[in-house]
Amino acid sequence: MAAKDILIVEDEKMTARLLDYRLKSLGHSVTHIANGVEALEHIHKKLPDVVILDVMLPGMNGFEILENLNEMKDVDLSRLKVIMLTTKNRPDDISRGFNLGAVEYVSKPFKMEEFLLRLNRLISD
């Protein structure tokens with residue numbers, strides 16, 4: 001499996017550190033941003049391969065980020081894989097995430113090994 005450029009958009013420091021450590025140990029290039037507005041700006045400038053996206057964020061929530069990405073005409077979203085990682089796990093939240101373009105939806109608390117299996121399935125395609 002080739003290394004991927006992964007953006008973690010997460011304001012919970014412990015979750016972000018754990019993901020950062022595990023993903024880097026697997027050889028991926030990882031960037032962490034804790035603010036929704038800054039994350040959207042980063043994605044616009046440098047489209048990563050994968051975005052791990054929380055919903056509850058300062059500045060702009062994860063759903064708003066996806067809505068904005070869908071409106072960007074100069075960004076090729078066909079190769080961007082968004083994994084929602086959030087406590088927002090009601091059926092309408094999950095539907096909204098998928099309808100806005102997420103390819104995976106993982107509820108917190110989560111098991112790291114299961115999350116990595118889902119990630120590997122997505123990036124090995």
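Lys108 is buried, at 10% relative accessibility. Buried here means under 20% relative accessible area, exposed means over 50%, and partly exposed lies in between, with a 1.4 Å probe and protein chains only. The model is predicted, so local features need pLDDT of at least 70, side-chain atom pairs count only at pLDDT 80 or more, and totals for chains, interfaces and linings use all residues. Residues are numbered from 1 along each chain as its sequence is written, and side-chain values use heavy atoms, with hydrogens and water left out.

Lys108 forms a salt bridge with Glu12, with 3.6 Å between the closest N and O atoms. A salt bridge is a side-chain nitrogen of Lys or Arg within 4 Å of a carboxyl oxygen of Asp or Glu. This pair links distant parts of the chain, 96 residues apart: Lys108 sits in the loop between β5 and α5 (112-123), and Glu12 in the loop between β1 (5-9) and α1 (13-25). Helices (H or I, at least four residues) and strands (E, at least two) are DSSP runs, numbered from the N terminus. Glu12 is partly exposed, with a relative accessible area of 37%. Both residues belong to a salt-bridge network that links Glu10, Glu12, Asp54 and Lys108. The peptide bond from Lys108 to Pro109 is cis, with omega near -5 degrees. Pro109 is placed in the loop between β5 and α5. Most residues other than glycine have a negative phi, and most peptide bonds are trans.

The structure holds 13 salt bridges. Side chains of opposite charge can pair when their charged atoms come close. Glu113 forms a salt bridge with Arg22, the closest N and O atoms lying 2.9 Å apart. Glu113 is in helix α5 and Arg22 in helix α1, so this pair ties together parts 91 residues apart in sequence. Glu113 is partly exposed at 46% relative accessibility. Arg22 is also partly exposed, at 22%.

A further salt bridge joins the side chains of Arg118 and Glu104 (2.8 Å, N to O). Arg118 lies in helix α5 and Glu104 in strand β5, 14 residues apart. Arg118 is partly exposed, with a relative accessible area of 24%. Glu104 is buried, with a relative accessible area of 8%. Strand β5 comprises residues 104-107. The side chain of Glu104 also makes a polar contact with the side chain of Arg121 (2.5 Å). A polar contact is a pair of N or O atoms within 3.5 Å; within protein, one must be able to donate a hydrogen and the other to accept it, and residues adjacent in sequence count only if both atoms are side-chain atoms. Leaving aside neighbours within four places in sequence, Glu104 is in contact (heavy atoms within 4.5 Å) with Val82, Ile83, Met84, Phe98, Arg118, Arg121 and Leu122.

The largest nonpolar core has 24 residues, and Leu53, Ile65 and Met84 have the most contacts inside it. Such a core is a set of buried Ala, Val, Leu, Ile, Met, Phe, Trp, Tyr and Cys residues joined through side-chain atoms within 4.5 Å. At least two residues come from each of β1, α2 (36-45), β3 (50-53), α3 (62-71) and β4 (81-86). Helix α3 gives the most, with 4 residues. Not counting residues up to four places away in sequence, Met84 touches Leu53, Val55, Phe63, Leu66, Ala102, Glu104, Tyr105 and Val106. A second, separate core of 16 residues includes Ile6, Ile83, Phe115 and Leu122. In soluble globular proteins, nonpolar side chains tend to be buried together.

Helix α1 has 13 residues and should span 18 Å at 1.5 Å a residue; its end C-alpha atoms are 18 Å apart, which agrees. The expected span is 1.5 Å times one less than the number of residues. The buried residues of α1 are Thr15, Ala16, Leu19, Asp20 and Leu23. Seen down the helix axis, they fall within an arc of 130 degrees, so they line one face of α1. The arc is that of the directions from the helix axis to the C-beta atoms. What covers these buried residues includes β1, β2 (29-33), β3, β4 and α5. The face turned away from the buried side carries the exposed residues Lys13, Met14, Arg17 and Tyr21. Just after α1, Gly27 takes a positive phi of about 95 degrees.
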